[in-house]
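Subject: Handover of a structure and summary of findings

Dear colleague,

Please find below the structure that I am handing over to you. A written account of the findings follows it.

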Amino acid sequence: MDINLIQTQIESDLSAVTTAVALEEVRVKYLGRKGLLAELTGAIPGLPVEQRGAFGKEVNALKNKLLNLIAEKEKVLKNSGSVLKKENLDLGMPGIAQELGSIHPITQIIDEICAIFTRMGFSIVRGPEIETEYNNFTGLNIPLEHPSRDAFDTFYLKNYSKFLLRSHTSPVQVRAMKAHKPPLAIVVPGRVYRPDAVDASHLFMFHQIEGFLVDENIKFSDLKGILELFAKSVFGQEIKMRFRPHFFPFTEPSAEVDISCIICKGKGCSVCGRKGWLEILGAGMIHPNVFKQVGYNPEKYTGFAFGMGVERIAMLKYGINDIRLFFENDLRFLKQF
Ligand code: DAH
């Protein structure tokens with residue numbers, strides 16, 4: 001019997017095998033008790049003595065080769081179809097979908113408000129969160145004895161007492177006016193910091209949007225018109241506005257601006273404290289002392305400024321009663337926006 005011929009036959013038999021059952025059949029055909037290899041081994045004693053050793057070796061080598069080939073084939077079969085059954089893998093089952101993120105509600109409100117102002121021709125400018133004491137206070141006509149300068153009301157940088165975490169976005173007024181000549185119309189979104197105890201309406205970090213416009217002949221009525229357009233775009237055309245006299249060091253005259261309560265429409269409810277009005281921002285005509293600080297001639301230029309808290313606007317718009325919800329990263333909250 002030609003050993004080489006047998007080997008070729010084995011290889012072709014194995015290559016046709018696609019199931020474990022067929023593989024077993026091949027194994028029996030060659031390695032079984034009545035298999036071809038048993039037959040070859042049985043033929044050895046009938047050979048001339050001098051041929052027996054060499055033939056025996058060849059038969060042994062063939063056997064080892066065959067065992068290897070069968071083991072290899074077994075592996076191949078295992079790694080293909082049969083693995084599905086073994087691990088109970090169901091390819092028809094729906095997969096685990098990647099969840100899509102979304103834009104944070106505070107960022108959405110900032111984008112929405114900035115878009116309202118850019119449509120009116122305002123530019124968006126940003127300033128640093130670490131500010132100089134000068135830009136945050138002195139340049140804005142905030143006197144030395146003003147309580148907001150106190151360490152209890154401002155985060156000063158340790159070892160750098162002239163630097164602080166800005167307590168409002170107003171210092172960007174000073175930066176922008178020093179860098180550019182009028183006319184200018186700018187909105188400034190950004191984070192601000194105050195060492196407030198955290199509760200449902202206070203955080204040590206929140207967001208503001210500052211706005212200001214400077215040119216010749218800018219009047220309080222320009223401020224009123226622009227703020228009304230802004231408030232109606234955000235809260236709806238039917239809301240009313242009211243300007244209450246107030247004091248800010250960097251504006252004169254100054255006002256706090258309210259909108260009619262969006263819940264009770266002005267009748268009085270628990271959200272507006274029965275007043276019918278909700279405060280949304282501070283505003284006024286830029287103080288001549290601020291113009292002097294930045295090198296503008298207050299005889300020639302006038303302008304207005306306003307500043308609002310973004311979280312407060314978002315809370316009013318969406319009826320959210322706890323400011324902490326914005327920053328807890330709770331997907332049940334965030335998914336609603
Ligand atoms: N900077 C003020 C604050 O944080 C808000 C403000 C009020 C800004 C009046 C202004 C303004 O520009 O005119 O409380």
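Which residue in β4 does Ile130 stand opposite? The residue is Leu165. Please note that the model is a predicted one.

Ile130 and Leu165 belong to an open sheet of three strands, ordered β2-β4-β3, with antiparallel pairing. At its edges are β2 (130–132) and β3 (156–157), each of which pairs on one side only. Between β2 and β4 there are three bridges, again in the antiparallel sense.

Strand β4 spans residues 160–165 and includes Tyr160. Tyr160 has a relative accessible area of 52% and is therefore exposed, since the threshold for that class is over 50%. Together with Ile130 and Phe163, Tyr160 makes up a nonpolar patch on the surface, and the accessible area of these residues together is about 310 Å².

**Domains**

The domain assignment divides the protein into domain 1 (3–86) and domain 2 (105–334). A distance of 86 Å separates the C-alpha centres of domain 1 and domain 2.

Gln7 sits in helix α1, which covers residues 3–15. Leaving aside residues up to four places away in sequence, Gln7 touches Leu62 and Lys65. Gln7 and Leu62 are 55 residues apart along the chain, and their C-alpha atoms are 7.2 Å from each other.

**Strand β6 and its partners**

Strand β6 (residues 205–215) is largely enclosed by the rest of the structure, because ten of its eleven residues are buried. Strand β6 pairs with strand β5 (residues 184–193) in the antiparallel sense, over ten bridges. Within that pairing, Val192 has Phe206 of β6 as its bridge partner. Strand β6 is also joined to strand β10 (residues 302–309) by eight bridges, and these two strands run antiparallel as well. There, Gly211 stands opposite Phe306 of β10.

**The β7–β8 hairpin**

Strands β7 (residues 241–248) and β8 (residues 251–260) run antiparallel and are joined by seven bridges. The two strands form a hairpin, with two residues between them. Phe248 has Thr251 of β8 opposite it.

Asp258 and Arg242 form a salt bridge whose closest N and O atoms are 2.9 Å apart. The pair links distant parts of the chain, with Asp258 in strand β8 and Arg242 in strand β7, 16 residues apart. The accessibility of the two residues was also computed. Asp258 has a relative accessibility of 2% and so counts as buried, while Arg242, at 28%, counts as partly exposed. A network of salt bridges links Arg242, Arg244, Glu256 and Asp258.

**Other salt bridges**

In the whole structure, the search finds 15 salt bridges. One of them has already been described above, and two further cases are given here.

Lys300 is partly exposed, with a relative accessible area of 42%. Glu216 likewise counts as partly exposed, at 39% relative accessibility.

In the second case, Asp330 forms a salt bridge with Arg332, and the closest N and O atoms are 2.7 Å apart. Asp330 counts as partly exposed at 24% relative accessibility. Arg332, at 68% relative accessibility, counts as exposed. As background, side chains of opposite charge can pair when their charged atoms come close.

Yours sincerely

Note on methods. Residues numbered from 1 in each chain as written. Predicted model: local features only at pLDDT ≥ 70, side-chain atom pairs only at ≥ 80, totals over all residues. Heavy atoms only, no water. Pairing = 2+ DSSP bridges. Helix = DSSP H or I, 4+ residues; strand = E, 2+ residues; numbered from the N terminus. Domains from an automatic or database assignment. Patch = residues over 30% accessible without salt bridge, like charges linked within 9 Å, V, L, I, M, F, W, Y side chains within 5 Å. Areas by Shrake-Rupley, 256 points an atom, 1.4 Å probe, with all protein chains shown as cover. Salt bridge = Lys/Arg side-chain N within 4 Å of Asp/Glu carboxyl O. Buried < 20%, exposed > 50% of the residue type's maximum accessible area, 1.4 Å probe, protein only. Contact = heavy atoms within 4.5 Å.
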